[in-house]
Amino acid sequence: IEGFLSRFSIFHGDLDDKESFLKLNVFLDDIDNKLNIKSEKIFYLAISPAFYFKTLENLKETKCINAKNDSVLVEKPFGRNLKEAEDLNIVLESLVEDVHVFRVDHYIAKNAMEDILSAHFPKNEPILKIEARIIENNTVGSRGAFYDVTGVFLDVGQNHLLQMLASAMTALSSDTTLTNADALKGLNCINDSFVRGQYEGYRDGVGVNRESNTETYFKIQLKSDNKYFENTSIVLEAGKGFDRLCAEVIIYFKNNLAPLKFDFNNQKNDSLTPYARIIMGAIEKTQTLFVSKEEVLEEWRIAEEIIKYWQDTPLLMYEKGSDYHKINNK
């Protein structure tokens with residue numbers, strides 16, 4: 001452990017302060033000089049999206065980052081809307097090549113995602129329904145101030161659930177050229193299909209508006225214009241404050257075949273954790289565990305379409321510890 005810890009260094013600075021980045025540059029050069037190397041660096045933006053642009057600007061202006069050798073790892077949410085995601089891509093590509101930009105969604109690095117991509121699905125079987133779901137038994141807790149301006153849809157729906165769904169569609173399709181971005185491009189919401197809920201007592205939480213209209217549960221139906229899925233019901237569902245914990249993709253077939261379920265909470269004992277795999281992926285410069293630029297933009301397109309149409313959907317109130325099956329779902 002001592003040898004491992006000896007490889008770590010800590011630098012304190014202010015993300016808004018250009019002088020801090022000038023000092024960081026010197027700090028990093030000193031490490032290279034001591035080791036007699038020219039290192040390849042990964043700048044991991046595990047920070048609030050509010051700081052992304054200023055941080056990237058400071059990295060560029062102080063020449064902390066080398067466009068040819070260094071990489072940038074960006075945590076979710078990748079921007080806070082479609083326009084910001086587009087702008088963020090432009091800024092990142094002014095720093096490094098896109099192959100050196102790693103957009104994080106840790107659900108891609110879960111074992112279940114590998115299971116979906118390697119599964120042997122019944123050939124030419126019509127698909128009745130695909131469900132992607134994240135249900136939690138915990139409440140918002142101390143995250144009220146963050147959650148009240150985000151809601152469960154932007155927290156897990158716009159990213160995790162759409163990634164889970166896109167990967168399932170890509171794996172199921174008979175079109176071997178279909179990418180996740182292609183699967184997302186074909187998706188649109190069904191405008192009258194929304195269910196939005198909020199658990200009782202949410203508004204009493206710390207940092208929460210006492211008249212908050214923020215959802216802690218949602219269920220959405222989507223349709224696809226891809227010919228392989230044009231008759232498939234597609235459902236996204238997520239919520240907090242229920243009686244169980246589950247993160248899953250379930251695929252139902254029309255011809256009475258047993259449904260296939262992929263459990264995203266099932267982590268194999270002998271495998272790396274998702275975040276360990278993410279770090280390794282960035283070090284090895286492989287994009288397979290990360291979200292592409294096109295996927296991010298399609299996720300935000302779908303998200304903004306949903307948000308636009310569901311504003312007038314009334315909230316259904318539910319008790320903490322409820323069974324999510326029993327909410328008045330459509």
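Predicted model: local features only at pLDDT ≥ 70, side-chain atom pairs only at ≥ 80, totals over all residues.
Good morning. Buried here means under 20% relative accessible area, exposed means over 50%, and partly exposed lies in between, with a 1.4 Å probe and protein chains only. Helices (H or I, at least four residues) and strands (E, at least two) are DSSP runs, numbered from the N terminus.

Residues are numbered from 1 along each chain as its sequence is written, and side-chain values use heavy atoms, with hydrogens and water left out.

Let us turn to strand β7. Of the 8 residues in β7 (217-224), 6 are buried. Which strands pair with it? Two strands pair if DSSP finds at least two bridges between them. Strand β5 (187-189) runs antiparallel to β7, joined by 3 bridges, and Cys189 has Leu222 as its bridge partner. Strand β6 (195-199) is likewise antiparallel to β7, with 3 bridges; here Gly197 is partnered by Tyr217. Strand β8 (233-239) is joined to β7 by 6 bridges, again antiparallel, and Ile220 has Leu236 as its partner in β8.

Contact means heavy atoms within 4.5 Å. Leaving aside neighbours within four places in sequence, Phe218 is in contact with residues including Val152, Phe153, Leu161, Val195, Leu236 and Trp310.

Next, helix α4. Its 14 residues, 82-95, reach 20 Å from the first C-alpha to the last, close to the 20 Å expected at 1.5 Å a residue; the expected span is 1.5 Å times one less than the number of residues. Which residues of α4 are buried? They are Glu84, Ala85, Leu88, Asn89, Leu92 and Leu95. Seen down the axis of α4, these fall within an arc of 140°, so they line one face of the helix; the arc is that of the directions from the helix axis to the C-beta atoms. In general, an α-helix has 3.6 residues a turn, so residues three or four places apart point the same way. The face turned away from the buried side of α4 carries the exposed residues Lys83 and Ile90. The cover over the buried residues includes α3 (52-61), β2 (71-74), β3 (101-103) and α10 (293-310).

Phe78 sits in the loop between β2 and α4. Why does Phe78 count as buried? Its relative accessibility is 6%, so it counts as buried. Leaving aside neighbours within four places in sequence, Phe78 is in contact with Ala85, Leu88, Asn89, Leu92, Arg103, Val296 and Trp300. The C-alpha atoms of Phe78 and Ser292 are separated by 11 Å, although these residues are 214 residues apart along the chain.

Finally, Leu272 lies in the loop between β10 (260-263) and α9 (274-283). At 46% relative accessibility, Leu272 counts as partly exposed. Thank you.
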